[in-house]
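Please keep the coordinates open beside them as you go.

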Amino acid sequence: MSLAHTAAEYMLSDALLPDRRGPRLKGLRLELPLDRMVKFVAVGFPLLLMSLAFAQEFSSGSPISCFCPSNFSIRQAAYVDSSCWDSLVHHEQEESGQYKTKSLWPHKALPYSLLALAVAMYLPVLLWQYAAVPALSSDLLVIISELDKSYNRSIRLVQHMLKIQQKSSDPHVLWDELEKARKERYFEFPLLERYLACKQRSHSLVAAYLLRNSLLLLFTSATYLYLGHFHLDVFFQEEFSCSIKTGLLSDETHIPDLITCRLTSLSVFQIVSLSSIAVYTLLVPVIIYNLTRLCRWDKRLLSIYEMLPAFDLLSRKMLGCPINDLNVILLFLRANISELISFSWLSVLSALKDTDTQKHNIDTVVDFMTLLAGLEPSRPKQLTHGICDENP
């Protein structure tokens with residue numbers, strides 16, 4: 001019997017989680033994986049396109065090429081290219097003989113508009129970092145620590161029950177203490193459960209999360225409007241007529257009224273426009289999916305922790321509308337599941353409980369560990385009959 005008790009003590013000691021002290025939980029993920037992906041794509045893609053646009057401009061020289069008269073010198077031709085690129089206005093003669101002008105400024109503003117887009121897409125990330133991350137990190141530290149401690153308290157309780165059985169010669173003592181503890185609800189963890197219930201009435205985190213994704217959708221819609229209104233108007237125009245007869249050159253008769261120029265960077269402009277539309281169109285369903293996750297509970301995570309004694313947010317039907325801070329915290333607990341060491345142990349115990357063929361009354365980790373330690377999870381029938389015989 002002593003060998004069996006020693007083996008049970010070793011098993012329970014191995015089931016205890018290590019006490020993590022000092023600088024712990026430095027690897028907390030304070031962004032969900034899909035949110036991180038959206039951030040990298042939404043911010044990094046326009047920066048990549050901006051660098052490509054600048055690289056093309058520096059490598060190929062002038063982004064336009066003007067067809068100057070043959071009597072122009074090289075310096076005069078360079079001046080025409082520079083002047084037409086600075087103005088970037090297309091002059092089109094109407095039937096009445098008047099000239100109609102159309103600005104082609106989106107070509108010149110392309111790199112800077114990409115930079116502005118990247119900055120705008122990073123603003124929701126900054127909002128999340130400053131408005132939600134400090135509170136979220138403290139919440140996760142408290143909850144992860146309390147969940148692991150709650151699991152350890154359950155294991156230590158079974159160790160104490162084993163010591164009671166070893167020291168007492170009366171077989172009724174153990175079960176009397178256990179039933180008394182269950183009746184008095186000594187197994188409750190009120191700090192953790194009440195803290196989580198309190199988070200259901202808080203909405204600061206969920207408001208910041210909704211605002212972050214809503215701003216992303218708003219800026220994406222603004223990008224569509226910008227591309228559709230400004231880029232589409234000049235998307236197919238490769239050549240334009242430029243006038244340099246301004247200022248001191250307005251009275252020069254040897255200078256033609258209009259000089260035809262060609263946009264050598266039109267292909268880059270078109271690729272940037274089309275790729276931006278394609279990438280941000282793919283991001284929209286991901287952002288919407290991130291928002292829809294707030295409309296349902298992660299009951300799988302909660303059901304695992306139902307094995308902790310009196311941790312019954314689900315069984316008590318304490319979960320109401322999922323749009324609150326508790327649901328956001330559950331999403332981040334799932335993302336930080338590697339930091340939640342007790343989850344893996346409880347998952348194993350939950351799977352073993354579901355496959356229990358002898359149909360023991362196993363509801364909590366205390367019941368299961370009691371069984372593994374060689375004790376019955378409830379009062380044996382012969383002891384129950386004995387009590388009934390003594391008290392007819």
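1. In this predicted model, the largest nonpolar core holds 40 residues, of which Trp128, Leu136, Leu140, Tyr305, Leu333 and Leu346 touch the most other members. Two or more residues of this core come from each of α6 (133–167), α8 (190–199), α9 (204–231), α11, α12 (325–335) and α13 (341–354).

2. Leucine 140 deserves a look of its own: when residues up to four places away in sequence are set aside, leucine 140 touches Leu28, Leu30, Ile329, Phe332, Leu333 and Asn336.

3. Arginine 293 sits in the loop that runs between α10 (266–292) and α11 (299–305). Although buried, arginine 293 has no salt bridge, because the nearest side chain of opposite charge, that of aspartate 35, is 4.7 Å away, whereas a salt bridge requires a separation within 4 Å. Apart from neighbours within four places in sequence, arginine 293 is in contact with Leu32, Leu34, Tyr209, Asn327 and Leu331.

4. The aromatic pairs come to seven. In one of them, the rings of phenylalanine 235 and phenylalanine 236 have centres 4.9 Å apart and planes at 80°, so this pair counts as edge-to-face, the cut-off for that class being over 60 degrees. Phenylalanine 235 is buried, at a relative accessible area of 11%, while phenylalanine 236 is exposed, at 65%. Elsewhere, Trp105, Tyr226 and Phe230 are linked into a cluster by ring pairs.

Definitions and conventions:
Residues are numbered from 1 along each chain as its sequence is written. This is a predicted model: local features need pLDDT of at least 70, side-chain atom pairs count only at pLDDT 80 or more; totals for chains, interfaces and linings use all residues. Side-chain values use heavy atoms; hydrogens and water are left out. Helices (H or I, at least four residues) and strands (E, at least two) are DSSP runs, numbered from the N terminus. Buried means under 20% relative accessible area, exposed over 50%, partly exposed in between (1.4 Å probe, protein chains only). Lys and Arg count as positive and Asp and Glu as negative; His and the chain ends are not counted. Contact means heavy atoms within 4.5 Å. Rings of Phe, Tyr and Trp (its six-membered ring) pair if their centres lie within 6.5 Å; planes under 30 degrees apart count as stacked, over 60 as edge-to-face and the rest as tilted. A nonpolar core is a set of buried Ala, Val, Leu, Ile, Met, Phe, Trp, Tyr and Cys residues joined through side-chain atoms within 4.5 Å.
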